[in-house]
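Here's a quick briefing to read with the model open beside you. Let's take a look at it first, then walk through a handful of residues and the ligand site.

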Amino acid sequence: RPVVFSGMQPSSDSLHLGNYLGALVNWVALQDTYDPIYCVVDLHAITVQQDPAALHANVRRTAAQYLASGVDLERSTLFVQSHVPAHAELAWVLSTITGFGEASRMTQFKDKSAKQGADATTVGLFTYPVLMAADILLYGTELVPVGDDQRQHLELTRDLAGRFNSRFGDTFVVPEALIPTESARIYDLQEPTAKMSKSANSEAGLVKLMDEPAVTAKKFRSAVTDTGREVRYDPAGKPGISNLLDILAATTGRSIVELEIEYEGRGYGDFKKDVAEAVVERLTPIRARTLELLEDPAELDRLLAIGAEKASERAERMLRTAYDRVGFIRRG
Ligand code: TYM
């Protein structure tokens with residue numbers, strides 16, 4: 001079975017609706033036909049200022065949310081990135097074939113470093129995409145389910161795989177990104193031209209998987225729309241309504257056109273209420289299951305240890321091959 005790899009940062013107490021609709025839904029769907037490996041990328045999470053106690057709690061919380069969303073350990077491997085040292089080790093090798101200019105062009109780095117200022121921006125943040133390439137290339141990954149914001153990082157990963165292969169001999173599989181059509185970019189409910197993000201200015205536009213249902217419903221009821229009255233898909237002219245249409249389409253499996261027809265001549269109030277209901281219905285069992293899983297951290301740790309064992313074995317094999325190819329001698 002072809003390998004799927006993806007990961008999320010444990011950088012908040014909850015994943016958000018963008019993480020869920022942009023990536024996690026695809027993670028779950030791919031389990032039937034692929035060999036998926038899903039990772040809690042804690043090494044990535046320390047590339048910006050972080051609180052160790054919060055990170056410590058959020059690693060398990062993130063893993064629990066994967067499981068509660070439908071990641072199934074009979075079919076998928078689930079592990080924590082720092083438990084498999086090969087990720088950091090391959091990242092080092094890949095950093096030596098990454099151009100400084102090439103890494104400087106990553107828009108996510110440019111955005112984040114502009115926001116933080118030069119003094120707070122670390123070398124770790126700069127090399128973030130190289131570590132991400134290592135994550136993917138260690139497993140012979142063919143498909144990487146992510147949201148649209150990861151497109152450029154996937155391009156870099158493909159370039160690095162191709163470059164390594166042509167310089168040192170065929171080693172890595174060149175992966176493809178799997179990016180959804182309607183929900184690849186979910187926007188902030190209060191600021192519908194900005195991507196929904198853990199680091200949003202205010203919580204009001206950020207829909208968290210772990211929010212209480214009443215809180216989620218309220219966030220949708222107060223979502224920013226426009227002064228018109230038509231529920232019509234027009235991302236440039238009606239970003240708020242279009243975002244809500246994307247969300248409703250992705251949560252119900254219905255098409256945008258179908259939804260436009262259904263809400264013709266009806267007010268925004270009705271529409272927002274329905275979006276809230278659909279999302280709450282979808283997220284409520286996920287939240288409940290996550291809380292249940294978190295009641296037994298020892299069991300979660302046991303499951304993560306099994307995953308780390310399986311992942312290590314595969315990663316070590318690829319790392320050894322890469323080390324051989326660049327000319328390192330094996331430890332005798
Ligand atoms: P992270 O934690 O920032 O995001 C996790 C996933 O959620 C998607 N996403 C969104 N999708 C739609 N709309 C949004 N507003 C939105 N916000 C986030 C992201 O595209 C991502 O799929 N760099 C990765 C983590 C990573 C990784 C990897 C992914 C590290 N190594 C290897 C794949 C393969 C990231 O952005 O995490």
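Which helix holds V215? V215 sits in α9, the helix that spans residues 213-221. Keep in mind that this is a predicted model.

**The ligand and its shell**

- The ligand has 28 residues around it, and the closest are Y128, D135, D149, Q150 and I186.
- Sorted by class, that shell is made of twelve nonpolar, eleven polar and five charged residues.
- Three elements each give at least two residues to the shell: β1 (3-8), α1 (17-29) and α7 (123-137).
- D149 uses a side-chain N or O atom here, 2.4 Å from an oxygen atom of the ligand.
- I186 works through its backbone instead, with an N or O atom 2.8 Å from a nitrogen atom of the ligand.
- Q9 also brings in a backbone N or O atom, which lies 2.9 Å from an oxygen atom of the ligand.
- On its own the ligand has 710 Å² of accessible area, and the protein covers 97% of that.

**D135, one of the closest residues**

- D135 belongs to helix α7, and it is among the residues closest to the ligand.
- Is D135 buried or exposed? D135 has a relative accessible area of 3%, so it counts as buried.
- Beyond its sequence neighbours within four places, D135 is in contact with F5, V41, H44, Q81 and H87.
- With H87 there is also a side-chain to side-chain polar contact, at 2.7 Å.
- The UniProt record, an unreviewed entry, has a "binding site" annotation that covers D135.

- N19 is part of helix α1, and its relative accessible area of 15% makes it buried, because the cut-off is under 20%.
- Setting aside residues up to four places away in sequence, N19 touches M8, L24 and K198.
- S69 is in helix α3, which covers residues 52-69.
- S69 is buried too, at 12% relative accessibility.
- A polar atom of the S69 side chain lies 2.7 Å from the backbone oxygen of Q65.
- Not counting residues up to four places away in sequence, S69 touches Y20, L24, V28, L209 and I286.
- L24 turns up in both sets of contacts, touching N19 as well as S69.

**D188, buried in a loop**

- D188 is placed in the loop between β5 (176-178) and α9.
- Why does D188 count as buried? Its relative accessible area is 6%, and buried means under 20%.
- A polar atom of the D188 side chain has the backbone nitrogen of E191 at 3.2 Å.
- Residues up to four places away in sequence aside, D188 touches A194, K195, M196, A200, G205, L206 and N243.
- D188 and I97 are 91 residues apart in sequence, and their C-alpha atoms are 37 Å apart in space.

- R314 sits in helix α13 (residues 297-326).
- At 25% relative accessibility, R314 is partly exposed.
- Leaving out neighbours within four places in sequence, R314 is in contact with V3, D35, I37, T77, L138 and Y139.

- R167 is found in helix α8, residues 151-168.
- With 51% relative accessibility, R167 counts as exposed, since the cut-off is over 50%.
- R167 and R325 are 158 residues apart in sequence, yet 9.3 Å apart from C-alpha to C-alpha.
- Back in α9, V215 is partly exposed at 36% relative accessibility.
- V215 and L300 are 85 residues apart along the chain, and 27 Å separates their C-alpha atoms.

Conventions:
Residues are numbered from 1 along each chain as its sequence is written. This is a predicted model: local features need pLDDT of at least 70, side-chain atom pairs count only at pLDDT 80 or more; totals for chains, interfaces and linings use all residues. Side-chain values use heavy atoms; hydrogens and water are left out. A residue is near a molecule or strand if one of its heavy atoms lies within 4 Å of it. A polar contact is a pair of N or O atoms within 3.5 Å; within protein, one must be able to donate a hydrogen and the other to accept it, and residues adjacent in sequence count only if both atoms are side-chain atoms. Accessible areas come from the Shrake-Rupley method with a 1.4 Å probe; for residues, only the protein chains shown count as cover. Helices (H or I, at least four residues) and strands (E, at least two) are DSSP runs, numbered from the N terminus. Ala, Val, Leu, Ile, Met, Phe, Trp, Tyr, Cys and Pro count as nonpolar, Asp, Glu, Lys and Arg as charged, and the others, Gly among them, as polar. Buried means under 20% relative accessible area, exposed over 50%, partly exposed in between (1.4 Å probe, protein chains only). Contact means heavy atoms within 4.5 Å. UniProt positions are given in the numbering used here, feature names are shortened, and annotations may be inferred rather than shown by experiment.
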